[in-house]
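Thanks for coming, everyone. I have one structure for you today. Let me put it on the screen.

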Amino acid sequence: MDVCCSLCLLLVASPILGILSLKAFFFMRAKKRRELDKQKSKGSIIHVAFFHPYCHAGGGGERVLWCAINALVERYHFVRCHVYTGDDASGKEILSRARQRFNLKVPDSVEFVHLRGRSLVEASSWPYFTLLGQSLGSIALGFEALWKFNPDVYIDSMGYAFTLPLFRWLGGCRIGCYVHYPTISTDMLSRVGQREAAFNNAAFIARSRILSFGKLLYYRIFAYIYGFVGGRADVVMVNSSWTKGHIQALWQAPARTKVVYPPCDTSGFSANPLSSLPDRSTGKHLIVSVAQFRPEKNHALQLEAFALLQNNLSGGDVQAELVLVGGCRNEGDNQRVEQLRAQARELGISDSVRFELNAPYSLLREFLYSATVGLHTMVNEHFGIGVVECMAAGAVTLAHNSAGPQMDIVVDWLDKRTGFLASTAEEYSSRMFEIIAMPDKQRNALREHARRSARRFDDKAFGDDFINQTECLFRR
């Protein structure tokens, strides 16, 4: 009996002692680093690390990362910025691409901590129970990050909430996070409960009452855990009113949750006067989409809507071309592009569809300046930086009638329209036809007004809000 009690006690005590030992190790290592910092700089240095495994990508999340670092470097002389990355590129290559893609002056002082285990957070590594698998994988990747460098302030800028307790409890860090999109939302729970097929709810599951019940139970348990880990943050920044509503419902931290709109390059995209339409070089009305080639961006709907538009325009003098501009992060994204090319051929529109992969900033801006329509089709887009860029460049925005675009961007400003919203392929086709058929004077007035409204989301507004919300993390 005594032996059994001893074994049970050992089984319980061993993990606790292990965790306490790790915590003591990280504490002593961080203390030693702070002492060295004081000797070198004659004052205390605060090291902030951003968890951004895909920092070499060219999406809106990466623009948030670099603008946040710029804001911190400009505000605090005693802050040193680090980025946890899983990219193979060197720090010099990452900074060079960020400057080229986003037209930003990113400081050379940024240091990178390279991680080997990024595959653990790839969706392809977890064909089943993907949300849980990626979240557990992020804990392992987060531990690698913490082992390689223990910061004073930890900011998750990609949505890996399961790393927050790790850095808070083991690393002793002050914790901030910027949430672009909740890992799970009440909308996702609703779709599964209603047995509605979607990109994250396979049709065979939606057709089965038993499988739908099992998935709904899994989602509810996951949502509870997600809320618990997210609640460990000291500062929670979200990028839109829609995201704020979901995060508050799940994380139950309303006092710590604030909307900080992501930075958009409104000045760069509005530098030129409005272009004449259609595009002079091609004589066609360009319909331009700016979005990474991820499944939730719903490029397939763009192709379907454009095929309907082509049918409406057939036989007339007006011509249109669809240009899909976006970044590819991995082989999965590359395969998705090939599937979209095949879909365009099946719809008979391949000659009028152009794919521009990983386009540099200069080319992206050129396309948007020449665009008649700026197209966006993602359901429940958290915010929509691409939508704002379209507005600032002078394209007439046509976005999905949900979430960020509906609630924050494509709204009446000074009592005037700033763009159009749609949900189905038929609605998109109808709105595109309406925009193309508008008299030039009416369309240009709309373009100019929308361009002015886009200034609400510029880099300076983001930087000021980011510094205000994170100030408590950097008190010495």
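First, the ground rules. This is a predicted model: local features need pLDDT of at least 70, side-chain atom pairs count only at pLDDT 80 or more, and totals for chains, interfaces and linings use all residues. Residues are numbered from 1 along each chain as its sequence is written, and side-chain values use heavy atoms, with hydrogens and water left out.

Now the overview. The protein has 18 helices and 13 strands. Helices here are DSSP runs of H or I, at least four residues, and strands are runs of E, at least two, numbered from the N terminus. Of its 476 residues, 53% count as buried. Buried means under 20% relative accessible area, exposed over 50%, and partly exposed in between, with a 1.4 Å probe and protein chains only. Next, contacts, meaning heavy atoms within 4.5 Å. Take those between residues at least 6 apart in sequence: 71% join residues at least 24 apart.

On to helix 3, residues 91-102. Its 12 residues should span 16 Å at 1.5 Å a residue, and the end C-alpha atoms are 16 Å apart, which agrees. The expected span is 1.5 Å times one less than the number of residues. Which residues of helix 3 are buried? They are Gly91, Ile94, Leu95, Ala98, Arg101 and Phe102. These cover an arc of only 140° around the axis, so they sit on the same side of helix 3. That arc is taken from the directions from the helix axis to the C-beta atoms. Remember the general rule: an α-helix has 3.6 residues a turn, so residues three or four places apart point the same way. And the cover? It includes helix 2 (60-75), strand 2 (79-85), strand 3 (111-114) and helix 13 (361-370).

Next, His449. You'll find it in helix 17, residues 440-453. Is His449 buried or exposed? Buried, with a relative accessible area of 5%. Its side chain reaches the backbone oxygen of Trp413 at 2.7 Å. Not counting residues up to four places away in sequence, His449 touches Trp413, Leu414, Lys416, Arg417 and Thr418.

A 1 Å grid is laid over the protein atoms alone; a cavity is a set of points where a 1.4 Å probe fits but cannot get out, a pocket is an open set with protein on both sides within 12 Å along at least five of seven lines, and lining residues have an atom within 4 Å of a point. Points are joined across faces, edges and corners, and a volume is the space filled by probe spheres set on them.

There is one cavity of 30 Å³ or more. The largest cavity holds about 30 Å³. Its lining includes Phe50, Ile155, Tyr178 and Phe466. Helix 2 gives the largest share, three residues.

The second largest pocket is about 320 Å³. It has 14 lining residues, with Cys67, Asn70, Ala71, Glu74 and Asp459 nearest its centre. Helix 18 (459-470) gives the most, six residues.

Last, Asp459, in helix 18. It is partly exposed, at 26% relative accessible area. Asp459 and Ala68 are 391 residues apart in sequence, yet 9.5 Å apart in space, C-alpha to C-alpha. Leaving aside neighbours within four places, Asp459 contacts Arg63, Cys67, Leu104, Pro263, Cys264 and Asp265.

Note on methods. Polar contact = N/O pair within 3.5 Å; in protein donor to acceptor, adjacent residues only side chain to side chain.
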